[in-house]
Amino acid sequence: MNKKNLQKNLANDHLIRAEKSLRSAKILLEQGLNEDSISRSYYSIYHSIHGMLLSIGLTGKTHKGQMHLFYTHFVVTKEITIELNSKINKVLNARSDADYGSIPIFNSDDAKEAIDISTEMYDKAIEWIDRI
């Protein structure tokens with residue numbers, strides 16, 4: 001298997017994980033577990049981004065490093081809009097509050113918004129990886 005095929009296979013593995021996290025987020029929302037749903041939405045975004053980066057031979061060592069590489073290679077180049085990047089950052093911040101906050105502060109609308117953003121990112125990742 002050549003390097004390009006290996007990168008695409010690894011990218012697709014992360015898209016599978018992204019899809020599973022997105023499915024989990026929807027189930028958790030249905031169960032009224034808003035904070036957990038937001039967390040799973042974040043991880044769907046994370047795996048979508050990781051897949052895109054792997055498809056071009058990159059990976060970050062940390063979540064922050066991953067986001068920096070994503071911004072540099074996909075947002076700056078306008079493959080991903082600045083608007084979507086802003087939405088992703090909103091979910092990233094919400095995930096921190098959802099996972100580490102002591103008081104539940106998110107409602108079902110917040111969780112639904114995170115799912116919508118996660119879905120948008122997942123669709124962009126699928127489109128990107130199908131193109132390469």
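This is a predicted model: local features need pLDDT of at least 70, side-chain atom pairs count only at pLDDT 80 or more; totals for chains, interfaces and linings use all residues.
## Aromatic pairs

The structure contains five aromatic pairs. One of them joins Tyr43 and Tyr46 in an edge-to-face arrangement, with 6.2 Å centre to centre and 70° between the planes. About one helical turn separates Tyr43 from Tyr46, because they are three residues apart in helix 2 (residues 34–55). Tyr43 and Tyr46 are both buried. Ring pairs also link Tyr42 with Tyr43 and Tyr46 in a cluster.

Phe74 and Trp128 form another edge-to-face aromatic pair, at 5.0 Å centre to centre and with 90° between the planes. Phe74 belongs to helix 3 (residues 63–75) and Trp128 to helix 5 (residues 108–131), so this pair ties together parts that are 54 residues apart in sequence. Phe74 has a relative accessible area of 1% and is therefore buried. Trp128 is likewise buried, with a relative accessible area of 13%.

His14 is located in helix 1 (residues 3–30). Its relative accessibility is 13%, below the 20% limit, so His14 counts as buried. Leaving aside residues up to four places away in sequence, His14 touches His47, His50, Gly51 and Leu54.

## A nonpolar surface patch

Met1, Leu6 and Leu10 make up a nonpolar patch on the surface. Together, these residues have about 320 Å² of accessible area. Met1 lies in the segment before helix 1. With a relative accessible area of 73%, which is over the 50% cut-off, Met1 is classed as exposed.

Terms used: Residues are numbered from 1 along each chain as its sequence is written. Side-chain values use heavy atoms; hydrogens and water are left out. Helices (H or I, at least four residues) and strands (E, at least two) are DSSP runs, numbered from the N terminus. Buried means under 20% relative accessible area, exposed over 50%, partly exposed in between (1.4 Å probe, protein chains only). Contact means heavy atoms within 4.5 Å. Patches are made of residues with over 30% relative accessible area and no salt bridge: like charges are joined within 9 Å, nonpolar side chains (Val, Leu, Ile, Met, Phe, Trp, Tyr) within 5 Å. Accessible areas come from the Shrake-Rupley method with a 1.4 Å probe; for residues, only the protein chains shown count as cover. A salt bridge is a side-chain nitrogen of Lys or Arg within 4 Å of a carboxyl oxygen of Asp or Glu. Rings of Phe, Tyr and Trp (its six-membered ring) pair if their centres lie within 6.5 Å; planes under 30 degrees apart count as stacked, over 60 as edge-to-face and the rest as tilted.
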